Amino acid sequence: MNMVTSSKGKSLMPALDDTDLACLIALQADPRASWRELGAATGIAERTVARRIKRLMDADALRVIAEADPLATGRGVVLHAWVRCRSGRVPDVAEALARLGITQLVVTLAGTADLMAELTLEDAADMPDVVTRVLPSIDGVEHVEARLVLRPFRRAGQWRIQADAGAPQDAQEPSLAPPAALTDAEQRIVAHLMRDGRASLAELAGHADVSEPTAHRLLQHLVDRRALSFRVEVEPALVGFPVEAVISVQVRPQAVDALAAHLALDPNTRCLFGTSGASQLFWHVLCRDSLHLWDVVTRRLGELDGVLASEVGVVMRAYKRCGIVREGARLGGENA
C-alpha cells in the first residue's frame, strides 16, 4: 500500500488500493461478518481479507464499533451545538470540546459557525446546564446556538463506499416503537460493543454474565428495535471523500418528510437529522472534491421542492467522530 501524504510531504496514513476498498465495502455491509463471509462477499481469499482489515485496524485507520441510540432507549437527548469563537481560539475550543465525554462529534468549519459539536446527554434535565454554563464557559467561546435532534432520518453508520458514486444507498426508516430502557445485561453488552463492535458472542456473554444464546437474543433484540447499530469508522478522506460539509436546510413544514426521505437516499449523505431551530434538517455530506460539493448543494438541493434556504459549513478538520478523538486520519482515544 502507498502512503497518503500531506501538502508538506509528511507521511499520514497508508493509501488504500482496490483490494482494501473491496474489503471495506463488504465490512460496511456486514460489520460483524466472519472473515469467511467477507471473503465470500468479495471473492478475495479469507486470509487476505483478514490481513488487510487487521492491518488497517493496527494502523488506527479503522475501527468497528456499535452506536447506541438514546432516542430509541428513551434515555437522554442529542444536541447539536454551533459555536463561534474568539479570534485565534478555534483550535483550543475544538480540543476542549473533544475532551468532553459527552461529545460524539467535533469539527471545525468554514462558514458562519467556527465549529459544530454533537453531544449526547444521559438526562434531558442536564440540557440547561450544558447549554447555558458548560459550553459558554469554555475559554475562547463567544456564542453557542444549541439545536435539539428530534428525529434521525439517516445515521453516519449507514453511509457506504460505493464503486458507482451515483448509485442510491439504502436508508432505514426511524423506529416508531416506543422507547424502551436497556436492561443491565443489555447495557453491559452495548458498552462492550461500543469499544469493539466485532466482539464474539462468548465475549459478550462473559461481560453480561449471561449464556451465549441469551447474549445472541439480547443483541438481536437491540438491533431489531434500532437501539443499537454497527459502524465501520474510517476517516472519509482515506476512502476518497476528502471534502465534506454540514448543511442546515430550511424547508416548508409540509415538505419536510418527503424531502428528508429523498436526501436520506442520496449517496453523498453521511447523516441526516431533523432538528429544532430555524432550519429543520441537518445534512452532513461527503464529496470527492469541491466541484462535487458545489453540485450537491446547488443542483441536487436546488431541484427539490420545498427548500427555502440552506447554509453550508465546509468541514476543515475533525477533532472527534463517534466519540473517538482524531489524530489526523488516525483514530486516537477510546470511545467517550
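Visitor: Which hand has the crossing of H7 and H8?

Guide: A crossing is left-handed if the near helix is turned anticlockwise from the far one by less than a right angle, and right-handed if clockwise. The crossing of H7 and H8 is right-handed.

This is a predicted model, with local features requiring pLDDT of at least 70 and side-chain atom pairs pLDDT 80 or more, while totals for chains, interfaces and linings use all residues. Residues are numbered from 1 along each chain as its sequence is written, and side-chain values use heavy atoms, without hydrogens and water.

Visitor: How are H7 and H8 oriented to each other?

Guide: H7 spans residues 184-193 and H8 residues 201-208, both being DSSP runs (H or I, at least four residues; strands are E, at least two) numbered from the N terminus. Their axes (lines fitted to C-alpha atoms over the stretch in contact, with angles from 0 to 180 degrees between N-to-C directions) lie 8 Å apart at about 130 degrees. Angles under 35 degrees count as roughly parallel, over 145 as roughly antiparallel and 65 to 115 as roughly perpendicular, the rest being oblique; H7 and H8 are therefore oblique.

Visitor: Is Arg-52 buried or exposed?

Guide: Arg-52 lies in helix H3, residues 46-58. Buried means under 20% relative accessible area, exposed over 50%, and partly exposed in between (1.4 Å probe, protein chains only). Because its relative accessibility is 13%, Arg-52 counts as buried.
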